[in-house]
Amino acid sequence: MFCPEKYNSSTNQTHVMLQTRKEIIKELRNEILFLQGGSHPIKDTAVNIELGPINAAFSDKSLPLGTIHEFLTSRPQTTAATGGFISAILSSIMPVNGAVLWIRQKPGVFPAGLASFGIDPDKIIFIYLRQPKQLLWCVEEALKSNALSAVVAELPGLDFNSSRRLQLAAANHSTTCFIQHPPVSTPTICGARWKITPLPSGHADDLPGVGFPRWNVELLKVRGGQTGVWQVEWDGKTLRNIAKQSFITAHEQKRAV
Amino acid sequence: MIKKRFVSIWFTSLKADWFRVHFPKLAGTPFVLSAPRNGKLTVTACSQEAALLGAFEGMAPDDARSMIATLQVIEDKPDGWWQTLLQQIAHWCIRYSPAVATQPDGLLFDATGCAHLWNGEEQYLQTIKTKFNKLGYSVRLAMVGTIGAAWALSHFGPQNGCIIKSGEELAAILTLPPAALRLQPNVTDKMHQLGFYRIKDLIKISGSALRRRFGNELITRLAQALGSEDEIMEPVQAPVPYQERLAALEPLTTRTAIEIAIQKLLDTLCGRLSREQKGLRSVTLQCFRVDGIVISVQICTSRPSHNPQHLFSLFELKLETIEPGMGIEVFMLEAAPVEELTADQKKLWGGVNGLNSAALSELLDRIAVKTGEGHVHRYLPQEHYWPERSVKDTLSLQEERTTDWNQSEPWPLLLLLPEPVIVTAPVPDYPPMNFRYRGRLHKITKADGPIRIEQEWWITRGNHRDYYRVEDEQGQRYSLFRQGHYDPGKQNWFIHGFFA
């Protein structure tokens, strides 16, 4: 651990010392993460999640798995955008033969629409349950089953106790869970909290028509990482940052005049 | 091969016994049952007391009444009713043998391999007889190796019942009258006239001569009684080959006891299934309560399973529905249908096994048992452009898709039921300028389309749809369509979904 003697050593040893300092900080960070409640805060995940610019926000430069990701949705439009963002993540964490459970209250997600996010919709099993109690039970069972790559749930609400239960189940069984729910007043426990809203699309060459989906991604809370806001575009394969590409669409030009 | 054993039970006076049991006032009094036969009121059954005083079947009830002053004449129930009663008794008798069939005036058990559970055939017959006598029915039984001989000996054999070893049927039926062979009355009458009073008189005569005189039926019946020709019985309930039963020494009432019973049954059943490389898709637990009520609990699995822990965890979710009441005497576990289940090839690497993993199907089973059927869906693509028809709901996890997901057009991520929207569309076949959805005006800034999807006339008739993918000022993307051709006077626009 931290040893003050090392600071008094010769210049030749400075490099070594810096190395040790870096290591010390990393170790301390790990400890803090552990105290914050994550079970496997930094693990060597073989999957490389293509989150583009957002990856920089996380403590180990990749999306934390085996935890709860909360997504705040309020209207069907944001639900669709959130669904798209989750599908984009799923496309990289779903292995070739992985299965995903998508739990919601009633039918509505169109499987053919998921295919454009690089996932195999026939590997997704949809479960429709009306009662919130049954929904929560089902999500928890799914997290405990060890049979799934990830669990996606759309809940009508979430309270502190159930979020804690779900977080424990996700952490103990290393299953990633994406929960969409409307904003609630009570605090909830999660690994990361997101808010995805749709953004106007655009073409680089100012072509007419609707372009690739674009979202405003707000990372409101993340364990051991930096929160932030990004404007990203899903180009069919990866997420790209679009904040720096400043161009004015035809419509905006019209409005400016 | 195990020698077949059959038990034939003859209710000597089923109708009278039933009335005496259900109307205790009739006990010890002479009574007859009457019903119209061939347009004439006749006696169809008489109690023992009435029979002793001279009443017999087929006489007019008034004649009987004139003979016996205290006689009660009761209206008989229809024949179908008695058959139903026999069926019910047969179902009740499944506790003695899995295969029970009804006969016109009795029951037939296939008791092969059953008697040892009662410590031998004598005790087996004695138990059945005592049980029926206790309930108030007089029966005559015979346990023989063929159905024909069993029937003959139960009806014409010794009163106390008899047990004849397989292969000795001939000697046993020699002294019985020809009627014991279940022949038509006209044939037996003819035999009587010709002086054939015993079966042994017939045996000596050659088969061809018998056939010429009495018809083919006699030869068949004789062969059936002697076991040289097979006879088929139709059990009231087809026996389930994968069945386990557990009788409790004392009636069970506690949850723990029931759990142990279920676990024991599952262990034996699953042991057998795994030895035979089979897995069950559905299993029913029947709890026979002391008060005669049978509680049955069924669980289903999405793929064949012989994992006792998993099956028990499914039963665990349904334990609340088992009300032990005064106690449960017998548990019975029946697995049907049963499918082939070859051992899984275990993977050395890779934890997740996708849709084929046993853990996933076990999870889905738990969800189905807890929440009921019809909540689990999986979709496969179909070769249709019409969005509602482009996916098919399947229950199976194993079913592979036959076609690729159609990605030629962008599809919305959320698909609604088409909901009418008010649009402003001044130019034909151009995307609308704006639309009003749920009270909010959305101004369209970007649009793609139209994509025309024709109604498939071979499925239903109707208008085509022109789909537009539009984006409003907030950047939200919608799927709109116009049903049919452009018509400024008609509101034929619908919103069909949300793009991501």
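This is a predicted model: local features need pLDDT of at least 70, side-chain atom pairs count only at pLDDT 80 or more; totals for chains, interfaces and linings use all residues.
## Ground rules

Local features need pLDDT of at least 70 and side-chain atom pairs 80 or more, while totals for chains, interfaces and linings use all residues. Residues are numbered from 1 along each chain as its sequence is written, and side-chain values use heavy atoms, with hydrogens and water left out.

## Strand 6 of chain B

Strands here are DSSP E runs of at least two residues, and helices are H or I runs of at least four, numbered from the N terminus. Strand 6 of chain B (residues 106–110) has 5 of its 5 residues buried, so the rest of the structure largely encloses it. Buried means under 20% relative accessible area with a 1.4 Å probe, protein chains only. In a regular strand, side chains alternate between the two faces of the sheet. Here B:G106, B:L108 and B:D110 sit on one side, B:L107 and B:F109 on the other, and all are buried.

What does strand 6 of chain B pair with? Strand 1 (residues 6–11) of chain B pairs with it antiparallel over 5 bridges, and B:W10 stands opposite B:G106. Strand 5 (residues 99–103) of chain B is also antiparallel to it, again with 5 bridges, and a hairpin of 2 residues joins the two. Pairing takes at least two DSSP bridges.

## Where A meets B

Contact (heavy atoms within 4.5 Å) links 56 residues of chain A with 51 of chain B. Strand 3 of chain A and strand 14 (residues 376–381) of chain B run antiparallel, joined by 3 bridges, with A:F126 partnering B:H377.

Key. Chains are lettered from A and ligands numbered from 1 in the order in which they are written. Buried means under 20% relative accessible area, exposed over 50%, partly exposed in between (1.4 Å probe, protein chains only).
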